[in-house]
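Subject: Structure handover

Hello,

Here is the structure for you to look through. My notes follow below it.

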Amino acid sequence: AELDTLDIIVLAAILLGTVAYFTKGKLWGVTKDPYANSFAAANGARAGKTRNIIEKMEESGKNCIIFYGSQTGTAEDYASRLAKEGKSRFGLETMVADLEDYDYENLDAIPSDKVVMFVLATYGEGEPTDNAVDFYEFITSESPSFSLDNDPPLGNLNYVAFGLGNNTYEHYNSMVRNVNKALQKLGAHRIGEAGEGDDGAGTMEEDFLAWKDPMWKALAEKMGLEEREAVYEPVFGIVERDNLTPDAPEVYLGEPNKMHLDGTPKGPFNAHNPYIAPIQKSYELFSVKDRNCLHMEIDISGSNMSYQTGDHIAVWPTNAGEEVDRFLDIFDLTGKRHNVISVKALEPTAKVPFPTPTTYDAIVRYHMEICAPVSRQFIATLAAFAPDEESKAEMTKLGSDKDYFHSKVNVQYLNIARLLAIVSKGKKWTNVPFSAIIEGITKLQPRYYSISSSSLEQPKMISITAVVETQELPGRGDPFRGVATNYLLALKEKQNGDPNPSPFGLTYEIMGPRNKYDGIHVPVHVRHSNFKLPSDPTKPVIMVGPGTGVAPFRGFVRERKKMVENGQAVGKTILFFGCRKSTEDFMYEREWEEAKQVLGDQFELVLAFSREGPKKVYVQHRLKERAKEINELLQQKAYFYVCGDAANMAREVNAVLAQILSSERSISEERAEEIVKQMRAANQYQEDVW
Ligand code: FAD
């Protein structure tokens with residue numbers, strides 16, 4: 001494709017803008033506004049752009065494509081990092097590509113002097129991420145139809161693969177494993193090992209770093225690349241828009257897209273476009289002071305969104321003001337936090353992760369995951385911009401020594417701003433290019449919650465059940481606080497006129513950009529899931545959901561209660577719930593009684609309180625006590641559901657179920673485990689775990 005006039009204007013603007021950036025705008029006064037359309041243009045280009053990867057590579061002069069399949073942004077982030085490193089260390093012409101944006105029939109036409117990387121997250125029950133579904137189906141199909149008649153079909157394709165998974169799930173890293181297998185079968189040549197990162201063990205970043213070095217070595221050998229001294233090159237140009245004030249109507253102050261900026265948001269609402277939903281009511285579920293669990297009713301009646309019992313809702317959080325201030329301060333951006341800037345990709349295949357013109361404040365508050373665990377690779381990058389030699393040495397050490405990094409950073413749950421302040425003893429990091437910050441920090445991600453209402457009972461009102469993340473850490477002054485749940489807590493406190501609101505919560509800008517969220521609103525979208533009640537309501541169900549794992553089961557129980565009220569018959573409905581104490585964190589106690597009134601003997605609540613008796617009792621123990629009954633229900637084709645903690649509980653429940661089957665049916669444990677596997681494959685065993 002040729003450059004159109006607008007592109008040329010934009011490119012010229014970037015060039016001038018870059019000059020302005022490096023001269024801090026001194027040499028340069030803007031008379032007209034050549035940037036006004038730059039984000040619109042980028043979006044427009046996206047709409048009309050090619051889906052042909054070969055065409056894209058040729059037109060942009062690339063020889064290394066990094067495809068990503070990402071759900072929560074980590075895979076996308078790793079893809080960007082590979083792109084960056086490939087370019088700076090080996091002079092590769094890299095580009096990052098969303099799997100959803102291209103067709104795959106011509107993967108066979110990619111010449112052998114190019115390389116394709118796949119960075120693939122596995123989601124939920126071994127599923128591809130939303131953006132990788134089509135690719136996955138294509139590549140793993142019996143015989144994918146390619147554009148040429150090569151034999152083998154992908155004999156020319158050189159590829160690299162890294163997967164992001166979680167070993168606490170049954171299908172660990174199944175995406176990268178299956179794609180790797182499929183590519184091998186099609187005759188493609190893998191370079192290096194197919195890497196696997198494990199979120200379950202908390203080693204994702206380290207697994208990635210450990211995988212990529214030998215991979216680069218193998219790739220350099222295979223493609224005859226020379227390693228060079230990596231110098232930092234910005235991916236984005238930043239232009240100070242001195243002629244614009246933050247209240248100008250075209251300036252984004254946290255609005256997620258143009259429709260929101262114009263005040264005309266409309267559906268479809270999805271991962272790119274949230275619905276600003278009113279919170280109808282919110283209340284506390286725990287009766288202890290030091291821990292909070294929120295129940296919130298989110299009204300979607302003003303939207304065209306719908307949900308089904310068992311789906312997930314995504315909440316789009318903003319960062320707490322306290323952390324935004326800390327971040328702006330350490331990078332010495334406080335003075336110009338409200339300056340208007342435009343950000344443009346300095347090369348055509350990079351994407352600016354937020355709309356502009358905007359302000360530093362809005363970018364940090366609404367678009368950057370500033371509180372997340374720090375990437376060790378980013379620390380190594382930042383060393384070059386340290387404010388003094390001592391800080392530089394410390395950053396280099398942190399960047400290269402994983403154990404040292406872990407002991408200093410992860411143990412304290414430090415975020416980037418806190419870490420930098422400790423390293424430099426408070427000295428500001430004035431030399432860090434803002435582009436490096438955009439590149440090094442992931443996009444702020446929506447958080448998912450298992451919907452705890454029934455769509456049969458309230459089709460337009462979604463409830464969530466969220467425990468507020470607060471952790472005291474020895475050696476740290478203040479507790480670690482989760483981004484989204486403390487934002488929700490602040491909303492709840494405001495809605496209820498709490499006389500003692502959390503001081504941290506008060507720093508959130510919960511009125512949203514231009515006060516658009518006033519009246520207690522929260523940006524959301526719905527994600528459909530496969531976690532569903534049996535279509536035949538007379539089938540028995542066994543649900544295991546301790547803590548907030550009870551969320552979807554509140555929806556399930558309410559759904560069956562509503563069915564009975566409507567005159568339908570329902571099957572046996574057993575819920576195993578566990579928490580610490582009946583007097584502290586026993587959620588929805590009254591609601592279970594109401595359900596019992598309607599469902600009668602068909603409903604049973606089995607409780608496990610871990611801190612009441614002399615011995616800790618968990619849901620797994622209660623399951624074992626009911627072995628006979630559970631086995632009988634499973635023989636009647638009961639559905640078995642587990643929700644909540646993936647790391648320990650879900651795994652143990654799986655093991656206990658196999659033990660139950662083994663003892664009750666007098667079969668070997670191996671055979672019983674096999675049966676549990678079959679139940680999973682047949683959707684008779686379903687998990688909703690995180
Ligand atoms: P975050 O800020 O995202 O922190 C979360 C965790 O990340 C911390 O506890 C910590 O372990 C780690 N972390 C963050 N920052 C750092 C750092 N700087 N250093 C080290 N570690 C760090 N939750 C519910 O309460 N109820 C539900 O029904 C529910 N359903 C879910 C369904 C699905 C499908 C998924 C994927 C998750 C679900 N969750 C649910 C979890 C929820 O999405 C959030 O993860 C949770 O609420 C915490 O979000 P947060 O923004 O408050 O915390």
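Which elements do the buried residues of α10 pack against? They pack against β8 (236-240), α9 (321-330), β12 (340-345), β13 (358-359) and α15 (434-440). Please keep in mind that this is a predicted model.

**Helix α10**

This helix covers residues 360-367. Of its 8 residues, 8 are buried, so the rest of the structure largely encloses α10. The buried residues are Y360, D361, A362, I363, V364, R365, Y366 and H367. Note that D361 and R365 are on that list.

**Aromatic pairs**

The structure has 32 aromatic pairs. Two of them are described here.

Start with Y104 and F138. Their ring centres are 5.8 Å apart and their planes meet at 45 degrees, so this pair is tilted. Y104 has a relative accessible area of 6%. F138 has 14%.

Next, F531 and F556. This pair is stacked, at 5.6 Å centre to centre and 25 degrees between the planes. It too links distant parts of the chain, 25 residues apart. F531 sits in the loop between β18 (521-527) and β19 (541-544). F556 sits in helix α17 (residues 551-565). Relative accessibility is 3% for F531, which is therefore buried. F556 is at 0%, so F556 is buried as well.

There is also an aromatic cluster. Its members are F67, Y102, Y104, F118, F135, F138, F146 and Y159. Y104 and F138 from the tilted pair are thus both named in this cluster.

**Helices α21 and α22**

α21 spans residues 649-665 and α22 spans residues 669-681. They pack at an angle of about 120 degrees, and their axes are 8 Å apart. The two helices are therefore oblique to each other. The crossing of α21 past α22 is right-handed.

The contact works out as follows. From α21 come N654, L657, A658, Q659, L661, S662 and R665. They meet E669, A672, E673, I675, V676, M679 and R680 of α22. By type, the residues of this contact are 7 nonpolar, 3 polar and 4 charged.

Best wishes

Conventions: Residues numbered from 1 in each chain as written. Predicted model: local features only at pLDDT ≥ 70, side-chain atom pairs only at ≥ 80, totals over all residues. Heavy atoms only, no water. Axes fitted to C-alpha atoms, helices over the stretch in contact; angles between N-to-C directions. Helix = DSSP H or I, 4+ residues; strand = E, 2+ residues; numbered from the N terminus. Parallel < 35°, antiparallel > 145°, perpendicular 65-115°, else oblique. Left-handed = near helix turned anticlockwise from the far one by under 90°. Contact = heavy atoms within 4.5 Å. Nonpolar A, V, L, I, M, F, W, Y, C, P; charged D, E, K, R; others polar. Phe/Tyr/Trp six-rings, centres within 6.5 Å; stacked < 30°, edge-to-face > 60°. Buried < 20%, exposed > 50% of the residue type's maximum accessible area, 1.4 Å probe, protein only.
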